[in-house]
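Subject: Structure for your files, with notes

Hello,

The structure I promised is below. My notes on it follow.

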Amino acid sequence: MFAKNDQMPILKRYSADLHIHTVLSPCADLDMGPVNIISAARRLGTGIIAITDHHSAANVPAVMEHAGDEPPLVVPGIEVQTREEVHLLCLFPDLHTLNDFARLIRDKLPLVQNRPDLFGEQVVVNGKEEILYFEEMLLTGSVGMTVESVAREVKMREGLLIPSHVDRPAYSLLANLGFLPPGLTVHALEIARPELKERLLAAHPNLKNSAFITSSDAHFLSQMDSAYMTVFYLAEPSFQEIRLALGGEEGRKVSIELRVRPEPGAA
Ligand SMILES: [Zn+2]
Ligand SMILES: [Zn+2]
């Protein structure tokens with residue numbers, strides 16, 4: 001608690017991976033269960049993760065439950081593919097709000113039965129990684145909503161909207177629309193290849209003041225150990241602190257840094 005606004009809290013450094021798929025995403029490996037995801041995050045020292053399956057929030061509780069009160073902080077999220085085939089990370093302050101958003105998204109998803117032989121299994125688990133059920137509706141594909149309408153629904157729920165992998169040639173805001181629509185509230189842009197960020201900014205100079213993150217977009221466990229990582233400087237690991245950092249407010253900040261790995265043989 002601070003008596004005056006001019007007193008800055010002590011900020012700590014938290015590495016974050018805000019884009020991770022679980023066994024519920026048909027394209028993800030069956031190793032992507034809560035136990036493995038949490039232990040990989042702890043091994044890597046990742047302080048904040050977000051679970052962002054395609055069009056469903058059904059495995060978020062299991063990952064949150066498995067993490068318990070210990071790090072990492074698990075941010076509830078979902079990855080939406082809009083009518084324009086643009087991928088958007090939608091993150092929410094709590095599970096209740098995410099579930100409300102996920103119900104809306106499910107209603108806008110075309111009714112197609114999953115074919116596990118073609119697309120892969122969509123497994124819903126609990127925190128102990130026991131199988132609860134198999135999701136039968138195919139979770140990939142586009143929902144019948146535009147980028148603008150998804151953005152509006154996220155904003156209404158005080159969520160964070162982060163267009164996914166905007167530097168990829170497909171399923172990305174910049175590739176599919178060609179530009180960041182004026183008036184669209186985005187809290188950050190996710191880039192898959194931070195080493196090429198300058199090239200992206202040269203092509204899109206209007207983005208130079210945007211917040212950028214990078215994430216693993218892990219569909220396999222080994223992908224969580226990405227070369228670059230997002231680092232937040234926060235008073236504590238919380239959704240509201242992440243929001244402040246993405247907005248560059250109250251001294252909080254976000255940066256993309258090379259992952260520092262422990263020296264071989266170090267304790
Ligand atoms: Zn994506
Ligand atoms: Zn993804």
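Some conventions before the rest. The model is predicted, so to speak of local features pLDDT of at least 70 is needed, side-chain atom pairs count only at pLDDT 80 or more, and totals for chains, interfaces and linings use all residues. Residues are numbered from 1 along each chain as its sequence is written, chains are lettered from A and ligands numbered from 1 in the order in which they are written, and side-chain values use heavy atoms, with hydrogens and water left out. Helices (H or I, at least four residues) and strands (E, at least two) are DSSP runs, numbered from the N terminus.

The sheet

An open sheet is formed by 7 strands with mixed pairing, in the order S7-S4-S3-S2-S1-S10-S11; two strands pair if DSSP finds at least two bridges between them. Strand S7 (160–163) and strand S11 (253–258) are the edge strands, each pairing on one side only. On average, neighbouring strands of this sheet are turned by 35° against each other, direction ignored. Axes here are lines fitted to C-alpha atoms, for helices over the stretch in contact, and angles run from 0 to 180 degrees between N-to-C directions.

Strand S10 (residues 228–234) and S11 run antiparallel and are joined by 6 bridges. Tyr233 has Lys253 in S11 as its bridge partner.

Strand S5 (residues 123–125) and strand S6 (residues 131–134) are also antiparallel, joined by 3 bridges. S5 and S6 form a hairpin with 5 residues between them, and Glu129 in the turn has a positive phi of about 70°. Val125 is bridged to Ile131 in S6.

Helices

Helix H2 (residues 60–67) lies across strand S2 (46–51) and strand S3 (73–81), and runs at about 165° to S3. Helix H1 (residues 34–44) packs with H2 at an angle of about 50°, the axes being 9 Å apart. That makes H1 oblique to H2, where angles under 35 degrees count as roughly parallel, over 145 as roughly antiparallel, 65 to 115 as roughly perpendicular and the rest as oblique. In the contact between them (heavy atoms within 4.5 Å), Pro34, Val35, Ile38 and Arg42 in H1 meet Ala62, Val63, His66 and Ala67 in H2.

Helix H8 (residues 239–246) lies across S2, S3, strand S4 (87–91), S7, S10 and S11, at about 105° to S10. H8 is largely enclosed by the rest of the structure, because 6 of its 8 residues are buried; buried means under 20% relative accessible area, exposed over 50%, partly exposed in between (1.4 Å probe, protein chains only). The buried residues of H8 are Phe239, Glu241, Ile242, Leu244, Ala245 and Leu246. Arg243 in H8 is partly exposed, with a relative accessible area of 24%. Leaving aside neighbours within four places in sequence, Arg243 is in contact with Glu158, Gly159, Leu160, His187 and Glu249.

The zinc site

Donors are N, O and S atoms within 2.8 Å of the metal (3.2 Å for Na, K and Ca); water is not among the atoms, so sites may look incomplete. The zinc ion (ligand 1) and the zinc ion (ligand 2) are 3.4 Å apart, and both are coordinated by Glu79.

His165 lies in the loop between S7 and H6 and counts as buried, at 3% relative accessibility. His165 has a positive phi of about 25° although it is not a glycine. Ser172 lies in the loop between S7 and H6 and counts as buried at 0% relative accessibility. Beyond its neighbours within four places in sequence, Ser172 is in contact with Glu85, Val86, Ser164, His165, Val166 and Leu177.

Backbone points to check

Most residues other than glycine have a negative phi, and most peptide bonds are trans. Asp217, not a glycine, has a positive phi of about 50°. Asp217 is found in the loop between strand S9 (212–213) and S10, and is buried, with a relative accessible area of 9%. Pro71 and Pro72 are joined by a cis peptide bond, with omega about 0°.

Regards
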